[in-house]
Structures are given as C-alpha cells and as structure tokens.
Amino acid sequence: MKPCLIFTLLSTAGVALAKDSKDDDLNLPEDFTIPYMVYLQSRSEPCVGSLIHPEWVLTAAHCPLPVKIRLGVYQPSIRNKKEQIRNYSLIIPAPEFKAQSLENDLMLMKLSKPAVLNSHVGTIAISMEPLTFNDSCFIPTWTWNEYKNFSDPDILTWINQPSQPFDECRNMVGQRMAVHIMCVGQPLNIISKVKEVSAAPAICDGRLHGILSWDKGSVTLGSEGFFTEVHPYAKWIMKTINTH
C-alpha cells in the first residue's frame, strides 16, 4: 500500500461504543480519546476535524481557520501530555463550495507535520460508496458544560443514530440544497439546544460517511443532522492527497 493512500488505522474504542456518552456507567479512563477526532481550535468557533491520513484532516468548509490543531484530545479545556499540536500548511475547500447554501461543504487541511500514529491518535477510512438506508451512524463531538465566549469545550459526547432514506431526507432538507446531503436522526421538539462543536463526523459501518454541515437542534440529543456525504468527493480527496 502506498503511503499516500487513505490509512485505515482506527481505534475500535470510538466506533464500537454502543451507548450514548450520557451513560454514567461507561467509566472511561482519563486518557480516553477517539483517535481520529481532531480539535480545530479557533478564535471564534472551534470545529471537529477527522484525521483521514497522517498529514490530512477532513472537516467542513464553513469552519473558520484554526489557530491550533490538536490531536489526541479527550477534553479540549484541559491539555494532556499525550496531545500532538500541529498547524496547517495548506487549506483546500471542495470545488464549488458555496458558503450561503453550504453546498459542497468539505475542506481538506494539510498538517504542518505528519501526525504520529499511536493508541491515542489514528486515522479513519473515508467511504467510497453510498450509505445503505437505516445503517447506524456513530456521531461524536464535543460540548460545553457551560459555554462562554472563546472557551474550549469540556465534554466528549456521542450518539448512535440511523440514517434516513433519500426521499425522507429530501423532505427534511426542504428549501436548502440537497445535493450530496445525508440525513441522520429524527425531527424532535427540543426546547433546549446543547452547544455542540461544529462539523461532527458520521461514522457508519466503520468509515467516514459524512461531515455535519447544519442541524435543526442538538444532534447529540437525537435531532436530525444534515451531513455532507463524503463518497462523492472520494476521488477529489485522494487526488488532492496524492498531488500535494
């Protein structure tokens, strides 16, 4: 296998979690991480990135440029000795990204130095084919116990949700652009909205199938999330990695 191909090193700890992170019985170790999750720290709103190659992070194009890229993070508000800190050397949004409609809402970010892969930092394989209807997707992100401007989140949270069929997803999207969008979750009447870090990944059948573009509530509480599908961009992703 050429080193430029998408690496498949993946911790089963993140994908195999069958319970929501709100379950108090998980008893996670203090150094627990979901290895492919990347914390993109910025001066405005942070984002989640997904490490798809030792040198490349995939995230949403609507995310602000990070001032710091942190790998191997469990709790962003607390630094740990096992974190790896990087900058970016190159930013490449998906072709024809449109900020107003969030069409083609993907962005590749090349790290200033390759990540060192270990039990705390690893990669996730991208999807090459469409998602099968009703597949369960694992959606991790970070949230705030108490949000304050420019503060880092302090809670790693996740949920397992089924994907929605194309026709139902199209109805859920409504007037918004429905090209290359997958829907996960259900329309819910949730009064309170948990503050979640943007661009959460949807990991379905062990692969990265989607990057959260927008939502209508709190994804980690079960509300529907609208994810940019990854598989239509797989050739662009691999070509970009191979040529840069």
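**Ground rules.** I number residues from 1 along each chain as its sequence is written, and side-chain values use heavy atoms, with hydrogens and water left out. Since the model is predicted, local features need pLDDT of at least 70 and side-chain atom pairs count only at pLDDT 80 or more, while totals for chains, interfaces and linings use all residues.

**Disulfides.** I looked for pairs of cysteine sulfur atoms within 2.5 Å and got three disulfides. In sequence order the bonded cysteines pair 1-2, 3-6, 4-5.

- Cysteine 47 bonds to cysteine 63, S to S 2.1 Å. The S-S torsion is about -95 degrees, so this one is left-handed.
- Cysteine 137 bonds to cysteine 204, also listed with S to S 2.1 Å. Here the torsion is about 105 degrees, so the link is right-handed. It connects strand S8 to strand S11, 67 residues apart; strands are DSSP runs of E, at least two residues, and helices are runs of H or I, at least four, numbered from the N terminus.
- Cysteine 169 in helix H2 and cysteine 183 in strand S10 are 14 residues apart, with S to S 2.0 Å.

I checked burial too (under 20% relative accessible area, exposed over 50%, partly exposed in between, 1.4 Å probe, protein chains only). Cysteine 137 comes out at 0%, and both cysteine 169 and cysteine 183 are buried.

**Sheet.** I then traced six strands in an open antiparallel sheet, ordered S9-S8-S11-S12-S13-S10; pairing takes at least two DSSP bridges. S9 and S10 are the edges, each with a single partner strand, so one side of each lacks a neighbour in the sheet. Phenylalanine 138 stands opposite isoleucine 203 in S11.
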